[in-house]
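I opened my notebook to look at one structure. I want to record what sits where, entry by entry.

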Amino acid sequence: MTFDGQCRVRCRSQVIVPISRGNAFADFLAPTRPPLPDSLYFLDDSGNSDISVFGFLRVPQVDGWSTAEAAWTNFLKELQVNPYITYTPDYPLHAVDLVAGRGRLLHPAGGAPPTKRQRIEAANIVLQGLRTLALEPGLAVGAVYRHGATREDLYADLVGMVNNWHAEEGSSCQFIVDGNGTERVLRAAHRRLPADRRHVLGDPLLVPARRIPLLQAADFVAYAAHQSVVRIPSRAFMWDWYRQVFPEASAPMNVERLL
(Lines give C-alpha, C1' and ligand atoms only; values in the text may rest on other atoms or scores of the structure.)
Protein backbone atom coordinates (compact mmCIF):
# COMPACT_ATOMS: atom_id res chain seq x y z
CA MET A 1 0.00 0.00 0.00
CA THR A 2 1.27 3.51 -0.81
CA PHE A 3 2.08 6.13 1.76
CA ASP A 4 -0.95 8.11 0.62
CA GLY A 5 -3.25 5.12 0.90
CA GLN A 6 -2.09 4.35 4.40
CA CYS A 7 -2.65 7.87 5.73
CA ARG A 8 -5.76 8.15 7.87
CA VAL A 9 -6.28 11.89 7.47
CA ARG A 10 -8.19 13.02 4.37
CA CYS A 11 -7.51 16.38 2.78
CA ARG A 12 -10.50 18.57 1.93
CA SER A 13 -10.39 21.63 -0.31
CA GLN A 14 -9.34 24.88 1.33
CA VAL A 15 -8.38 28.34 0.17
CA ILE A 16 -4.65 28.74 0.80
CA VAL A 17 -2.85 32.01 0.12
CA PRO A 18 -0.34 31.22 -2.64
CA ILE A 19 3.32 32.01 -2.82
CA SER A 20 3.38 33.63 -6.23
CA ARG A 21 5.61 32.96 -9.21
CA GLY A 22 6.40 35.17 -12.18
CA ASN A 23 5.33 38.62 -10.98
CA ALA A 24 6.36 38.88 -7.35
CA PHE A 25 2.99 39.93 -5.97
CA ALA A 26 0.44 39.54 -8.77
CA ASP A 27 -1.11 36.30 -7.54
CA PHE A 28 -0.74 37.05 -3.84
CA LEU A 29 -2.41 40.45 -4.18
CA ALA A 30 -5.08 39.42 -6.70
CA PRO A 31 -8.37 41.31 -6.20
CA THR A 32 -10.30 38.09 -5.63
CA ARG A 33 -8.28 36.95 -2.62
CA PRO A 34 -9.24 37.84 0.97
CA PRO A 35 -7.52 40.87 2.53
CA LEU A 36 -4.19 40.11 4.18
CA PRO A 37 -4.75 40.65 7.91
CA ASP A 38 -2.31 41.39 10.68
CA SER A 39 -0.52 38.07 10.89
CA LEU A 40 1.91 35.79 12.66
CA TYR A 41 4.47 33.81 10.66
CA PHE A 42 5.95 30.57 12.02
CA LEU A 43 9.15 29.65 10.16
CA ASP A 44 11.62 26.81 9.99
CA ASP A 45 14.33 25.97 7.49
CA SER A 46 15.48 22.91 5.60
CA GLY A 47 18.05 22.26 2.90
CA ASN A 48 21.63 21.06 2.53
CA SER A 49 25.00 22.40 1.41
CA ASP A 50 23.60 23.21 -2.05
CA ILE A 51 20.22 24.74 -1.27
CA SER A 52 18.46 26.64 1.50
CA VAL A 53 14.72 26.38 2.07
CA PHE A 54 12.33 28.17 4.40
CA GLY A 55 8.79 26.94 4.99
CA PHE A 56 6.27 28.96 6.90
CA LEU A 57 2.76 29.05 8.29
CA ARG A 58 0.80 32.29 8.32
CA VAL A 59 -2.12 32.74 10.71
CA PRO A 60 -4.24 35.79 11.54
CA GLN A 61 -2.87 37.60 14.57
CA VAL A 62 -6.30 37.60 16.23
CA ASP A 63 -7.06 34.05 17.41
CA GLY A 64 -4.99 32.49 14.61
CA TRP A 65 -2.31 31.04 16.86
CA SER A 66 -4.75 29.45 19.29
CA THR A 67 -7.01 27.87 16.66
CA ALA A 68 -4.12 26.52 14.57
CA GLU A 69 -2.36 25.16 17.64
CA ALA A 70 -5.57 23.47 18.79
CA ALA A 71 -5.81 21.65 15.45
CA TRP A 72 -2.17 20.60 15.67
CA THR A 73 -2.61 19.46 19.27
CA ASN A 74 -5.50 17.21 18.22
CA PHE A 75 -3.23 15.74 15.54
CA LEU A 76 -0.59 15.03 18.20
CA LYS A 77 -3.18 13.32 20.40
CA GLU A 78 -3.86 10.86 17.59
CA LEU A 79 -0.20 9.93 17.58
CA GLN A 80 -0.38 8.89 21.22
CA VAL A 81 -2.71 6.01 20.35
CA ASN A 82 -0.82 4.88 17.25
CA PRO A 83 0.26 1.28 18.01
CA TYR A 84 3.29 1.43 15.72
CA ILE A 85 5.15 4.29 17.38
CA THR A 86 6.06 5.46 20.88
CA TYR A 87 4.96 9.07 21.04
CA THR A 88 4.67 11.28 24.11
CA PRO A 89 3.63 14.97 24.11
CA ASP A 90 7.10 16.14 25.12
CA TYR A 91 8.73 14.55 22.07
CA PRO A 92 9.64 17.14 19.39
CA LEU A 93 8.80 16.04 15.86
CA HIS A 94 11.33 16.54 13.06
CA ALA A 95 10.28 15.60 9.55
CA VAL A 96 13.75 14.54 8.41
CA ASP A 97 14.03 12.03 11.28
CA LEU A 98 10.52 10.69 10.83
CA VAL A 99 10.98 10.06 7.12
CA ALA A 100 14.38 8.46 7.75
CA GLY A 101 12.99 6.22 10.51
CA ARG A 102 15.25 7.70 13.19
CA GLY A 103 14.72 8.85 16.75
CA ARG A 104 13.25 7.78 20.05
CA LEU A 105 9.78 7.59 18.55
CA LEU A 106 10.89 4.45 16.70
CA HIS A 107 13.77 3.46 18.95
CA PRO A 108 12.55 3.31 22.54
CA ALA A 109 15.21 2.49 25.13
CA GLY A 110 16.18 -1.15 24.82
CA GLY A 111 13.75 -1.70 21.96
CA ALA A 112 14.26 -3.67 18.77
CA PRO A 113 15.07 -1.90 15.47
CA PRO A 114 11.94 -0.53 13.75
CA THR A 115 10.07 -2.75 11.35
CA LYS A 116 9.25 -1.74 7.80
CA ARG A 117 5.68 -1.01 8.91
CA GLN A 118 6.94 1.24 11.69
CA ARG A 119 9.15 3.18 9.29
CA ILE A 120 6.21 3.64 6.92
CA GLU A 121 4.03 4.79 9.80
CA ALA A 122 6.65 7.31 10.91
CA ALA A 123 6.92 8.81 7.43
CA ASN A 124 3.13 8.96 7.25
CA ILE A 125 3.15 11.24 10.29
CA VAL A 126 4.62 13.97 8.11
CA LEU A 127 1.87 13.52 5.51
CA GLN A 128 -0.81 13.45 8.20
CA GLY A 129 0.59 16.63 9.73
CA LEU A 130 0.57 18.44 6.39
CA ARG A 131 -3.04 17.43 5.80
CA THR A 132 -3.95 18.65 9.26
CA LEU A 133 -2.62 22.08 8.30
CA ALA A 134 -4.53 22.04 5.02
CA LEU A 135 -7.79 21.55 6.91
CA GLU A 136 -7.32 24.58 9.17
CA PRO A 137 -9.35 27.62 8.00
CA GLY A 138 -7.39 30.84 7.88
CA LEU A 139 -3.99 29.14 7.88
CA ALA A 140 -1.75 29.67 4.86
CA VAL A 141 1.50 27.96 3.93
CA GLY A 142 4.40 29.02 1.78
CA ALA A 143 8.00 28.18 0.98
CA VAL A 144 10.99 29.83 -0.65
CA TYR A 145 14.36 28.45 -1.66
CA ARG A 146 17.62 29.43 -3.29
CA HIS A 147 20.53 27.39 -4.57
CA GLY A 148 23.90 28.39 -3.18
CA ALA A 149 22.43 30.67 -0.51
CA THR A 150 22.96 30.68 3.20
CA ARG A 151 20.04 30.33 5.58
CA GLU A 152 20.61 33.91 6.68
CA ASP A 153 20.62 35.39 3.18
CA LEU A 154 17.44 33.57 2.21
CA TYR A 155 15.76 34.67 5.43
CA ALA A 156 16.61 38.32 4.76
CA ASP A 157 15.01 38.15 1.31
CA LEU A 158 11.92 36.43 2.70
CA VAL A 159 11.55 39.14 5.35
CA GLY A 160 11.73 41.79 2.64
CA MET A 161 9.12 40.04 0.52
CA VAL A 162 6.68 39.57 3.39
CA ASN A 163 7.18 43.19 4.42
CA ASN A 164 6.19 44.28 0.90
CA TRP A 165 3.08 42.08 0.97
CA HIS A 166 1.87 43.69 4.18
CA ALA A 167 2.88 47.18 3.06
CA GLU A 168 0.55 46.79 0.07
CA GLU A 169 -2.30 45.95 2.46
CA GLY A 170 -1.49 48.34 5.27
CA SER A 171 -1.34 45.44 7.73
CA SER A 172 1.50 44.23 9.94
CA CYS A 173 3.07 40.94 10.97
CA GLN A 174 5.51 39.29 13.34
CA PHE A 175 7.95 36.42 12.82
CA ILE A 176 8.41 33.41 15.12
CA VAL A 177 11.43 31.36 14.08
CA ASP A 178 12.99 28.10 15.20
CA GLY A 179 16.22 29.16 16.93
CA ASN A 180 18.07 29.32 20.21
CA GLY A 181 17.96 33.09 20.59
CA THR A 182 21.52 33.80 19.45
CA GLU A 183 20.94 34.27 15.71
CA ARG A 184 21.94 37.93 15.46
CA VAL A 185 22.03 37.85 11.66
CA LEU A 186 18.32 37.07 11.56
CA ARG A 187 17.62 40.08 13.76
CA ALA A 188 19.72 42.24 11.45
CA ALA A 189 17.43 41.39 8.52
CA HIS A 190 14.52 43.00 10.36
CA ARG A 191 16.48 46.08 11.31
CA ARG A 192 17.49 46.73 7.70
CA LEU A 193 13.87 47.26 6.66
CA PRO A 194 13.11 50.90 5.76
CA ALA A 195 11.63 52.68 8.76
CA ASP A 196 8.99 54.49 6.70
CA ARG A 197 7.74 51.27 5.11
CA ARG A 198 8.23 48.71 7.84
CA HIS A 199 5.34 46.31 8.40
CA VAL A 200 7.30 43.39 9.92
CA LEU A 201 7.23 44.44 13.56
CA GLY A 202 10.16 44.05 15.92
CA ASP A 203 12.86 41.40 15.89
CA PRO A 204 12.08 37.76 15.20
CA LEU A 205 11.03 35.74 18.22
CA LEU A 206 13.68 33.00 18.25
CA VAL A 207 12.43 29.94 20.11
CA PRO A 208 13.41 26.25 19.97
CA ALA A 209 10.79 24.29 18.03
CA ARG A 210 10.31 21.90 20.94
CA ARG A 211 8.65 24.76 22.85
CA ILE A 212 6.15 25.83 20.16
CA PRO A 213 4.28 23.06 18.33
CA LEU A 214 3.51 25.25 15.32
CA LEU A 215 7.24 25.57 14.67
CA GLN A 216 7.33 21.79 14.38
CA ALA A 217 4.48 22.11 11.88
CA ALA A 218 6.54 24.66 9.94
CA ASP A 219 9.36 22.10 9.90
CA PHE A 220 7.02 19.66 8.13
CA VAL A 221 6.20 22.29 5.50
CA ALA A 222 9.88 23.18 5.00
CA TYR A 223 10.94 19.55 4.55
CA ALA A 224 8.10 18.75 2.16
CA ALA A 225 8.98 21.85 0.13
CA HIS A 226 12.65 20.85 0.17
CA GLN A 227 11.93 17.39 -1.22
CA SER A 228 9.61 18.81 -3.88
CA VAL A 229 12.55 20.87 -5.16
CA VAL A 230 15.61 18.63 -4.77
CA ARG A 231 13.74 15.36 -5.54
CA ILE A 232 16.13 12.97 -3.83
CA PRO A 233 15.51 9.47 -5.31
CA SER A 234 15.20 7.80 -1.91
CA ARG A 235 12.41 10.26 -1.04
CA ALA A 236 10.49 9.89 -4.31
CA PHE A 237 7.34 8.94 -2.40
CA MET A 238 7.12 12.48 -1.03
CA TRP A 239 8.14 14.54 -4.05
CA ASP A 240 4.53 15.57 -4.68
CA TRP A 241 3.28 15.86 -1.10
CA TYR A 242 3.58 19.65 -1.01
CA ARG A 243 1.73 20.09 -4.31
CA GLN A 244 -0.94 17.51 -3.57
CA VAL A 245 -1.73 18.58 -0.01
CA PHE A 246 -1.72 22.30 -0.78
CA PRO A 247 -3.15 22.41 -4.33
CA GLU A 248 -4.23 26.04 -3.99
CA ALA A 249 -0.68 27.18 -3.22
CA SER A 250 1.98 27.80 -5.82
CA ALA A 251 5.10 25.67 -5.84
CA PRO A 252 7.97 26.69 -3.55
CA MET A 253 9.36 29.91 -4.98
CA ASN A 254 12.92 30.36 -6.14
CA VAL A 255 13.55 33.93 -5.02
CA GLU A 256 16.43 34.29 -7.48
CA ARG A 257 13.82 34.83 -10.17
CA LEU A 258 12.41 37.84 -8.39
CA LEU A 259 15.12 39.64 -6.46
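How many residues does the hairpin that joins S1 to S2 run through? I looked, and S1 and S2 are linked by a hairpin of three residues.

**Ground rules.** I am reading a predicted model, where local features need pLDDT of at least 70, side-chain atom pairs count only at pLDDT 80 or more, and totals for chains, interfaces and linings use all residues. Residues are numbered from 1 along each chain as its sequence is written, and side-chain values use heavy atoms, with hydrogens and water left out. My helices (H or I, at least four residues) and strands (E, at least two) are DSSP runs, numbered from the N terminus.

**The sheet.** I traced an open sheet of six strands in the order S5-S4-S1-S2-S3-S6, with mixed pairing. Two strands pair if DSSP finds at least two bridges between them. I noted strand S5 (205-207) and strand S6 (253-254) as the edge strands, since each pairs on one side only. I reminded myself that strands of a sheet pair through backbone hydrogen bonds, either parallel or antiparallel.

**Strand S2 and its neighbours.** I followed strand S1 (residues 39-47) and strand S2 (residues 51-60), which pair in the antiparallel sense over nine bridges. Asp44 faces Gly55 of S2. Ser39 has Pro60 in S2 as its bridge partner. On to S3: S2 pairs with S3 in the antiparallel sense too, over eight bridges. There, Ser52 is opposite Arg146 in S3.

Is S2 mostly covered or mostly open? I found nine of its ten residues buried, so S2 is mostly covered. Buried means under 20% relative accessible area, exposed over 50%, and partly exposed in between (1.4 Å probe, protein chains only).

**Helix H5.** I saw helix H5 (residues 151-169) lying across S1, S2, strand S3 (140-147), strand S4 (173-178) and S6. H5 runs at about 35° to S2. Axes are lines fitted to C-alpha atoms, for helices over the stretch in contact, and angles run from 0 to 180 degrees between N-to-C directions. Contact means heavy atoms within 4.5 Å.

H5 also packs with helix H6 (residues 184-191) at an angle of about 25°, with axes 9 Å apart. That makes H5 roughly parallel to H6. Angles under 35 degrees count as roughly parallel, over 145 as roughly antiparallel, 65 to 115 as roughly perpendicular and the rest as oblique. From H5, the contact uses Arg151, Glu152, Tyr155, Ala156 and Val159, and from H6, Val185, Leu186, Ala189 and His190.

**Helices H2 and H4.** I checked helix H2 (residues 64-80) against helix H4 (residues 116-134): their angle is about 150° and their axes are 10 Å apart. H2 and H4 are therefore roughly antiparallel. Which residues of H2 make the contact? They are Ala71, Trp72, Phe75 and Leu79. H4 brings Ile125, Gln128, Gly129, Thr132 and Leu133.

**Last entry: Arg131.** I located Arg131 in helix H4. Is Arg131 buried or exposed? Arg131 counts as buried because its relative accessibility is 9%. I also looked up Trp241: Arg131 and Trp241 are 110 residues apart in sequence and 9.5 Å apart in space, C-alpha to C-alpha.
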